[in-house]
Amino acid sequence: MDGFSGILLRITTIAKNTLIESLRQRVLLVLLLFGVGLTVASFYFTQFTFEDEFRFLKDIGSASISITGLLVAMIGAAQLIPAEIERRTIYTVLSKPVGRFEFLLGKYLGLFSLLTIMLVLMSMMFACVLLVKETVEVREVMVQASSGVPSEQQLEMINDIKAQSRDEGVFQALILIWMRLALVAGIAVTLSTMATSTVFIVFTTLVIYFIGHLQATAREVWLEQGTGGVFETSLLAVVSLLIPDFQSYSIIDEILAGNSVSWNYVFEIAGYSVCYAAIILAIGGLIFKEREL
Amino acid sequence: MSKEQKTPAVEVRGMSKRFKLNWRRGVLLALENLDMTVQQGEIFGLLGPNGSGKSTTMKCLLGLVKPTEGSAKILGYDSGSIEARNQVGFLPENPYFPSFLNGYEVLSYYGGLSGITGKKLKERSDELLELVSLKHAAYRPLRTYSKGMLQRIGLAQALLHDPKVLFLDEPTAGVDPIGSRQMRDLMLKLRDEGKTVVFSSHLLEQVEEVSDRVIILHQGLKLCEGTLDELLEVPDAIEIQVDDVDQASEDEIRQVLEKAGIGQVEIRRPRLSLEKFFIKKVVR
């Protein structure tokens, strides 16, 4: 099988095998802990107003999805290539007519599929918890209603509860969390093409992640307020070129705080994430092509 | 003889490989100016102690590392190129395959990488599982396989895309004598089918049994290369083996040889190798 269909077959074969291997390693058990933790949390906050309770729940849910995803993305990606080299499976794969970039892309897409499955499952659990919370809150309002018919004020309250639990913003936030995971996994996979230590790769990815967060603040202080000299400005230029701006994803917090954001803006950040991940993987491919195994 | 048949299966010219060591600790010389030719249809043994350059030679031929100098070709194609890799199958030393996969699943994975799918993959997998005597264990997870069985499924994956040249790195390492015998029988069978087999081993008796030609490497340098007869024949001496000889006949033979003025005469009872004795006892 030659040409594009051959390339596609090889990439999907590697991606499928990577995904199956991860699933058989029981990575998804982490999700069980996530589900239990979130459910317990949802019924713990009962002494606040329903608006606050929903906000807490959304914050906890999205933070848990983010942290679980980031851990799996970083640790999983850091092991993708080094584990193949250690077990020597890479020799059998690359002695077949498989290009090195095809191998790298297949491994990345396998991990990305795992992250997507995890995110979808966690989001479904999250949605269930929100719906259960909605049912409980609505029932409480109905109990207060005399003769079972809610007053106009109570109807408004029920609508508010439903608006909180079925918030479109949560969906936008989840899409952005998904895109951030894709980018972080891309960075870790690229680092794994040049390093052998998992600890080094995870640590370096974390450093890049934090620098990516801080560069917007540095930009604000050094450029916009004019306090930076030539060195600071040059440093910022280099950092901006090499490291993605993770501060862009702080919009997730804004959305969860109740501020509405247009879908166009969400797609803009998603596009930025995909382009950056593609560029960083292309760099990883060039490094991996030259690597001696 | 067609042009393709004349092309050597493997041709290495002036190949050197030096690895840069970290922290300015210098350079490690893994191979130095290696010339080597393997003809099509040969079983070719790569011999040498640990660190002699056997694995580096194989890795250069597979494109896993790049030679510092020189060139290597597989059936006329530059080693490491996609065209060359279409012609080769590789079994690394102590291969690892995910233990949760079964025999068919391993072959299905490598089939996808080789561009073989569907009915063709199923047929080819059946054929190879039959060849390596693993049909009975095809649906068992690999974690239940013995080391010899893992080597054999490794050989099956190497053969999946029907390559003309096979590289086997220590194919009998850690395998019991029966498994080792099965592997050697397979190598001979593959040669009879027209395949070229290049393999490395520390077990000299096994190499002697199957190889048509060998090369001996030491500290990255080639010490010698040739057929076993060329390398091992003792000049001006002959060996005769006669069955059913009693003591009287033996004395008579000795006297005849001494009368003929032959210098040193050594007459001894032939012995089986321990390996042959073991296999004779165990495999009935």
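View 1. In chain A, 82% of the contacts with a separation of 6 or more join residues 24 or more positions apart, two residues being in contact if their C-beta atoms, placed from the backbone, lie within 7 Å. The model is predicted: local features need pLDDT of at least 70 and side-chain atom pairs count only at pLDDT 80 or more, while totals for chains, interfaces and linings use all residues. Residues are numbered from 1 along each chain as its sequence is written, and chains are lettered from A and ligands numbered from 1 in the order in which they are written. Of the 293 residues of chain A, 37% count as buried, that is, with 20 or more other C-beta atoms within 10 Å of their own C-beta atom.

**View 2. The side of chain A that touches chain B.** The contact draws 21 residues from chain A and 22 residues from chain B. On the chain A side, α1 (3–24) and α4 (89–94) are the elements that give two or more residues, helices being DSSP runs (H or I, at least four residues) numbered from the N terminus. The largest share of this side, 7 residues, comes from α1(A).

**View 3. Packing of α1(A) against α4(B).** Helix α1(A) packs against helix α4 (residues 103–113) of chain B at an angle of about 150°, with their axes 7 Å apart, the axes being lines fitted to C-alpha atoms over the stretch in contact and the angles running from 0 to 180 degrees between N-to-C directions. The angle therefore makes α1(A) roughly antiparallel to α4(B), a term for angles over 145 degrees. Here L9(A), R10(A), T13(A) and N17(A) in α1(A) meet Y109(B), G112(B) and L113(B) in α4(B).

How values were computed
A residue is buried if 20 or more other C-beta atoms lie within 10 Å of its own, exposed if 12 or fewer, and partly exposed in between; C-beta atoms are placed from the backbone. Angles under 35 degrees count as roughly parallel, over 145 as roughly antiparallel, 65 to 115 as roughly perpendicular and the rest as oblique.
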